[in-house]
Amino acid sequence: MIAIQFLLIAAVGLGLLLFVRRWHGVGMQAGKRIGLVAFALLNVYAVLRPDDVTWVANRLGVGRGADLILYVLVIAFVLGMLNFYLRFKTMDRRLTELARTIAIREAELVNRERGVLAAHNVALSVPAAEPATGPATVIVPVTEEQR
Amino acid sequence: MPEQPVPTGPGSGPESAADVWVVIPVFNEAAVVAAVVTEVLAGFPNVVCVDDGSTDGSAAQVASTRAHLVRHPINLGQGAALQTGLTYAKARSGGQFFVTFDADGQHRVDDAQRMVAVARSGTSDVVLGSRFLDQATNVPRLKRLVLRTAVALSPTARRLHLSDAHNGLRVFSRPVADQLRITMSDMAHASEIVTLLARSAWRVEEVPVTINYTDYSKAKGQSLVNGVNILFDLSMKQRGR
């Protein structure tokens, strides 16, 4: 079981490292997709020629080909979930920005009507209401490439 | 229509606080929020309440006061509400100090005034309220354990020598507020703020404050279980995206 253990742990480690790196360039995105397609093709092959998979599994110290597929599937699943989580966070952040912009715009109108906000103070604020991704941020904003 | 918002409450020198904005995130606090806001308005003329998609008429309660009201169209979380309030307040002219204040009545206005005075004295850029400095008066035992654990688990809180990382009462001076950008929408924002402060060069000071632990506010506090969520979100954040 030594070979497969080593491979699986290395795969998890490498996957985590890749997913979690700060830069997420175009290359990374392409890599993820290539990995996905390769995994799918591998599965097709495994369905067509299970004996070959069993041969590979035996080489790696796994009893059956189906077990090997299962192990790989677990890793793919975890990495997929992680990817999904990160992407979801990005979406959440965008939604927040959007809702905030809408909320502030509407509030300026409403508060002026209520008489708590002076009119001259509204015009001033309209461009300032959305500097959210300005340069003066401490936290790096999510950019397109990071997905 | 007045030039500056005029407080309705008794004047305890609110004109001297014209450059202070109090940000109050509100989520389903209809029972108490109007009273809390009125109390704050007596000490600070500029108050903005961010209604975070409440379903219990909190917004109407706020609208009955002289506070500014910003309504999130959907519930986004307390951190997002704070950031919205800060963004709104910063866009108004003249704000130099920004106070975050809880809507459930657990904070005291005079504590906030003392903290603003500390910030105004120029000795610090950020003033944080702490339940544990000096006399740790009236914090329930389990609550204390949870909060102490939060501090112990936060390396940044330790580096800043903070005694209370999750107090909702804070004062930011203008330069800090300009830099601050709360991205953690939910309760993890408190740790996020502390982390930001620890990484920056801002001078941070803690001031002892008293918390009114009413039954109402107790029922709303953070639980230890939620601490797990906070830790997970924060650790994911710190590893990039």
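Reply: Buried means 20 or more other C-beta atoms within 10 Å of a residue's own, with C-beta atoms placed from the backbone. This is a predicted model: local features need pLDDT of at least 70, side-chain atom pairs count only at pLDDT 80 or more, and totals for chains, interfaces and linings use all residues. Residues are numbered from 1 along each chain as its sequence is written, while chains are lettered from A and ligands numbered from 1 in the order in which they are written.

Me: Ok, which residues touch the most other members of the largest nonpolar core?

Reply: Val23(B) and Val99(B), out of 67 residues in that core. Helix α3 of chain B, residues 78–91, gives the largest share, 7 residues. Helices here are DSSP runs of H or I with at least four residues, strands are E runs of at least two, and both are numbered from the N terminus.

Me: What does Val99(B) touch?

Reply: Leaving out residues up to four places away in sequence, Val99(B) touches Val20(B), Trp21(B), Val22(B), Val23(B), Ala112(B), Val116(B) and Val171(B). Touching means C-beta atoms within 7 Å, again placed from the backbone.

Me: Switching topic, how many helices and strands are in chain A?

Reply: Chain A has 5 helices and 0 strands. Of its 147 residues, 14% are buried.

Me: And what order do the strands of the open sheet in chain B take?

Reply: The 7 strands run β3-β2-β1-β4-β6-β5-β7, with mixed pairing; strands pair if DSSP finds at least two bridges between them. The edges are β3 (68–71) and β7 (204–208) of chain B.

Conventions. A nonpolar core is a set of buried Ala, Val, Leu, Ile, Met, Phe, Trp, Tyr and Cys residues joined through C-beta atoms within 7 Å. A residue is buried if 20 or more other C-beta atoms lie within 10 Å of its own, exposed if 12 or fewer, and partly exposed in between; C-beta atoms are placed from the backbone. Two residues are in contact if their C-beta atoms, placed from the backbone, lie within 7 Å.
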